[in-house]
Amino acid sequence: MSTINDVSRESWILNTFPEWGTYLNEEIESEDVKPGTVSMWWLGCTGIWLKSEGGANILCDLWCGTGKRTHGSGKMVKGHQMMRMSGVQKQQPNLRTQPFVIDPFAVKNVDALVVTHIHSDHLDINTAAAVNQNCPDAKFIGPQEVVNTWIKWGVPEEKTIVVHPGDEVKIKDVNIVALEAFDRTALVTWSNPDESLKGKMPQDMNEIAVNYLFETPGGNIYHAGDSHYSNMFAKHGNEHKIDVCLGAYGENPRGITDKVTSVDMLRMAEALNAEVVIPVHHDIWANFMADPKEITAIWNFKKDRLKYKFKPYIWQVGGKFTFPDNKDDLEFNFDRGFDDAFVIDNDTPFPSFL
């Protein structure tokens, strides 16, 4: 038995984080995806793990970092995209609000790490290191600037694949299609804090961000990264069969447009001709949190009049979604356990105790 003299800050951290240990790693590894289905797990922010019936394991946008950990100077870092967007000076209070539900350094069998864009809550050095160490045959797939960052971090260039809209990469039985992204926040993200962007041509979005369509035998998953609402969603919906779409939902603070709000989440699903729309990203930042049930409420208000052909799905971080098994569910709940109650004799002082 340990005593208080055996406990230190370091032992506490190692014994506590990640909070779920390898529980979810083990669940994903043991999952046998049925023919005609595709399963995915929400890992927080826009991170998902997708697993196909053919055993393809694709990790997308897993972020293993934190937000603010100190008040510091109380000032925004010069040149930050939010400062450029709205001329703010006060520190953004973006605290991480979700536990770590997966241990990146216990990942196994990853066939591809796929990243949507350059922002650090999607493009993560810890995830890159873990996949590179544990999964030597994994491919690193992303737009040019994402790949440039991976190479700077030490990922061997031969493991990387640069994609632009229209490119396709086959990973076992999954076809990954890169599509245009619509992330205006990424366009005002610039590495030189002293360089003004006023009056200049913006960056080429196709070099810094893409959306993805994961085409699988069990259904097609559209991952919109941090895209804002765009009329181009309708073009993607015309050109591709989309079963499930994920979008970066949240409540934007005053003077900021960085997340898709509830009405536009529904517009995105309608434009993409999706069967299911799943909001993500609303879980992670304290200053952008929103209640996803607002989407369900507005969907209920509009669905009959507008003849919606899709349903919203309210997920929880660490939970599994399988298409088409869960396509008509409106909400996720974790296994409540105790289904084996009284399979052996209970042990209480007398029966009426309970």
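In the protein chain, the mean positions of the 34 positive and 49 negative charges lie 8 Å apart. Lys and Arg count as positive, Asp and Glu as negative, while His and the chain ends are not counted; each charge is placed at NZ of Lys, CZ of Arg, CG of Asp or CD of Glu.

The model is predicted: local features need pLDDT of at least 70 and side-chain atom pairs count only at pLDDT 80 or more, whereas totals for chains, interfaces and linings use all residues. Residues are numbered from 1 along each chain as its sequence is written, and side-chain values use heavy atoms, with hydrogens and water left out.

The radius of gyration, taken over C-alpha atoms, is compared with a globule rule of 2.2 Å times the number of residues to the power 0.38. For 354 residues a compact globule would have a value near 20 Å, so the 22 Å of the protein chain agrees. Further totals for the protein chain are tabulated here.

| Property | Value |
|---|---|
| C-alpha box along the principal axes | roughly 80 × 60 × 45 Å |

The protein chain has 10 helices and 14 strands, which are DSSP runs numbered from the N terminus (helices H or I, at least four residues; strands E, at least two). An open sheet of 7 strands with mixed pairing has the order β7-β8-β9-β10-β11-β12-β13. Its edge strands, β7 (168-171) and β13 (311-312), each pair on one side only; pairing requires at least two DSSP bridges between two strands. Strand β12 (residues 276-280) runs parallel to β13 and is joined to it by 2 bridges, with Lys-311 in β13 as the bridge partner of Val-276.
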